[in-house]
Amino acid sequence: MSKNLRINKNNFIDQTIRISFKFNGQKLFGFKGDTLASALLANNIHLVGRSFKYHRPRGIMTCGSEEPNAIVQIGNDPSSTEPNVRATEVELYEGLEAFSQNCWPSVNFDIGGINNFLSPLLPAGFYYKTFMWPASFWEKYEFFIRHSAGLGKSPTKPDTDLYDHQYAHCDVLIIGGGISGILSAKLAAEKGLNTILIDDKNYLGGSTIYQEDDCFKINNDTSNKWLKKEIDNLKNYPNLLIKNRTSLAAFHGYNYLLARENLTDHLNANERKNKIRQRLWKIRAKKVVIATGSIERPLIFNNNDRPGILLSSSIKKYIDFFGVKSGNEISLFTNNDSAYETAISLNKSGVKVNTIIDIRENSTSLLVKKVQKIGINILWGHTIVNTNGYKRIKSINVQKLSADGESVVGKKIKINCDCLGMSGGWTPMVHLFTQSGGKLKFKDKDYIFIPDMNKSPSSQISVGSCNGNFELDDLITNTIKNIKIFLDLDKTIYDSLNVVCSKETEKRNIWLLPSDKQLSKTKPFLDFQNDSTAKDIKLALREGFKSIEHVKRYTTTGMGTDQGKLSNMHALGIIADTTGTNMGDLGTTTFRPPFTPLTFGSIVGRNVGEFFDHTRKTAIHDWHVENNAKFENVGQWKRAWYFPENNETMFQAVQRESKAARDGAGILDASTLGKIDIQGTDASEFLNRVYTNAWSKLAIGKCRYGLMLNEDGMVYDDGVTTRLGENHYIMTTTTGGAANVLSKLEDYLQTEWPELDVYLTTVTDQYSTISICGPRSKNIVKKIIPDLDLSDANFPHMSFKNSKIDNVNCRVMRISFTGEHSYEINIQSNYAKDVWIKCMEAGKEFNITPYGTETMHLLRAEKGFIITGQDTDGTLTPSDLQMDWIIGKKKYDFIGKRSLYRSDTIREDRKQLVGLLTEDPLEVLEEGAQLVEDINKKPVEMLGHVTSSYFSPNLKKSIALAVVRSGKKMKGKKLIVPMENKNINVTITDTVFYDKENKRLNA
Amino acid sequence: MFIINCPYCGERDQSEFSCGGEAHIERPKQPTELSDDQWAEYLFMRKNIKGIQFERWNHAHGCRKWFNVVRDTSNDKIHAIYKMGERPPLK
């Protein structure tokens, strides 16, 4: 470590604890309390990365979240490496490994640097303009662009870290732990309010906490000493929760805020183990105090991006807080008093300040006088016209500004320096204020946008420098005054503070500083990360872009990971100057959350893997698992898909199951079907209105299939409903539609038909359903329920019986989705697995075969039964499905009835459901395949598509269902299914392929 | 994300509710007597106002009751909440 860059005295860094870390493979040392950036600077490393477009060498420029250049990759573990991290925000820990990004093969020798020399050929919009033509070449261009650009590498393995979410409710949330945030927190806590204070740093006090200067005093103490006492005192308030290392990401309406707390990112690998890495706080605050402070602006001059050029206030923080000298010979360039604070700090630490170049003509503030007294050379009314040094600044060229500030005059002076601090004034951090819906106003005097308190949501307030109060006395007075009103306070402990501070007397602002060269020959960078210069902005304006939002996107200014925190104001200023517009009228670009990037981990929290969504399992699920079932997801349900035996493929298993169900007996777990219990004196009338067919005359103990439409006449759901009693029905819905059907029925009951006496209860989980089908199903049920008379006379198809299995009540329906004689046993779910096993045992002698959803689909397709959502897609009416028989024509009304004879729904050339047989009976069509009549006619006219397709083991041939335009009239017609390698000939048929006479139902 | 004061349960987070679109569009009592245009007006046409809008909301993850909300869609400010069947506040 170059010892001479670290000064010895420090309150904030523990220089007794040495920490080793690696940067680009080089082993380096820092101290506890360092950031990666401060430790690199202490090792005399400025060059950290390359810029995005020109691959220019770039160094650490700031000390906070606005850092555009020092973007690094942390770690190289494939599951935890993190790209695009700001070195200024990374707390140093033992074993930290960081790498430069966007350079190849290395940061010191980067091949892409050639772009810098090609830069005249790479103006704004270059990529848009160049790579548009020919369109088919894009894929080739893209490969090279992606290869040479890019910001870091994504992890390639799943994240192994733990993340968490937590809700918090409070009376007052204070965002920012600088002096105004501390004052606000203290006043809120003193009043007894439930208060949360968050700050993104690992300490409180903002920039005041290291401002040890007798130009700034509160109650006769230097401001840092006074504030330290106030902070120490905060722990006495049990109603105040302080969250450090917590950055506010988003400020939504109704004071709903998201903040990310870093819990382990500052710890070494051992200390991190089994701990939660980051926590996303979801905060609902009655009132919010925004005290986010302000960010120093760069100045826009030729070659203002070299490594070694920092913001002046950052140089001050590195020396005052971290005890690190950013250089040995520092020059400062400013348009305001801030740089003088830096000069005083540097001088106090024994760092040589060469010259202060100030674009103002003079200033007489306390700070300036103090610097003059020290004897530092100040060049008034001068500007920097160029900087020299490729990987590190070596010198600057300075010239006098003309009176109008638009050009330079006089002799060029060369000043040697290894570091340059620049200060272009301050930008209030209004991001969160505007995110919450507040409107900004422009303050001409300071060239800043500040919150317009008249256009602010009422339950929040901005205080401190984010509200445009830059002088310490104004800041304190206004903060206290505004918080008193906001929190309705009477007298406060801060009513008689005595504040002394240096006041800025002179202002001069030039958005784009002139050079001795033409603008076209210079590189005044605005957005350092995206490499957009003032030239690009002017080019965009010349090319006709006027809106700030368009200029931003065309030049990519403000579109880097720093989201324009440094560059946006200058872009606006240059646009305003060039077009002769007022900045206030121009407005700003939209500030969108998050304020700083969030990790995906913190966004998803614990909702990963098996916790991503709820998993619903039937009561019989464990049996399926034990019996080697493969499962498929149906909504949130895990449904048994098929039960392979002895290494069977899916096709083999399904063929065997399908055959067995028709030859002997099959058993299906149908518990996932939605079940809605419907009771009330108007239950029949209600069903009349929600189903297309009539229900009033359905006898007690009988079942009926119903089709439910949307109000637009399209099929929505279907299922069998059973009349259990005079005023009692149980409706079944599709598995996936259960929740939506219940919601829809509740909606109609509550809003359109509140006069109906009907009660709906979902009982899907309470009852399990075991379906036994096939010619031997009767024998099996007879064995399980010997008392039940299963004769067709007593228990015909489409009827139900209350019964008991071992003294447990159950409902047995004789309904069929396979076309076979079949029974559905509905029983309380906690008995379901036992009953299932009982059925298996009873069915053993009849070769009972468990089957899953795939066989169920195949069997019903043989019978031409539809599956809503597979054969229908929300664009088919009952008539399109050839199910006109189910429409109660005599009924006055039902949901969707009027839509069935709209001009569009009565068209005869609508897509309609048909059956398909392939010319080659072994050829199985692909579901979703298109159907055409004439393959040679161009463009090929697509008449429809295949919705269901299987090889039927019972018919020994391929069968399919499809929707085809005018399909009803096309029976017997030959069509073509064009596939990648061949055309398949098919014939349109009836939708029922098997047992057209329904003889098997009573077999 | 805003807070909705369910008339049956009290203040709850928006995530518990679902919006049912524009309120006070009554299902015609005699749909069969409507022309295609009249039926289409009921079925498809919605105002989608930027500003004060009368909406139906359902406390889907709560009491499952439907009710009406008067909301400014430009800033999510809720001006009134009233039960189904109750008279809407003056428009």
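This is a predicted model: local features need pLDDT of at least 70, side-chain atom pairs count only at pLDDT 80 or more; totals for chains, interfaces and linings use all residues.

I started at Leu40(A): leaving aside neighbours within four places in sequence, I find Leu40(A) in contact with Phe23(A), Ile45(A), Val48(A), Ile60(A) and Ala87(A). Contact here is C-beta atoms, placed from the backbone, within 7 Å.

Residues are numbered from 1 along each chain as its sequence is written, with chains lettered from A and ligands numbered from 1 in the order in which they are written.

Next, the cores. A nonpolar core is a set of buried Ala, Val, Leu, Ile, Met, Phe, Trp, Tyr and Cys residues joined through C-beta atoms within 7 Å; buried means 20 or more other C-beta atoms within 10 Å of a residue's own, again placed from the backbone. The largest has 150 residues, and Leu36(A), Leu40(A), Val72(A), Ala87(A), Leu173(A) and Ile175(A) touch the most other members. I also found a second, separate core of 94 residues, with Trp641(A), Met708(A), Ile825(A) and Val914(A) among them.

Then the A–B interface: 19 residues of chain A are in contact with 18 of chain B. Helix H21 (residues 738-752) gives the most to chain A's side, with 5 residues; helices are DSSP runs of H or I, at least four residues, and strands of E, at least two, numbered from the N terminus.

Last, chain B. I get 1 helix and 6 strands, running β-β-β-α-β-β-β from the N terminus. Of its 91 residues, 18% count as buried.

Technical notes: A residue is buried if 20 or more other C-beta atoms lie within 10 Å of its own, exposed if 12 or fewer, and partly exposed in between; C-beta atoms are placed from the backbone. Two residues are in contact if their C-beta atoms, placed from the backbone, lie within 7 Å.
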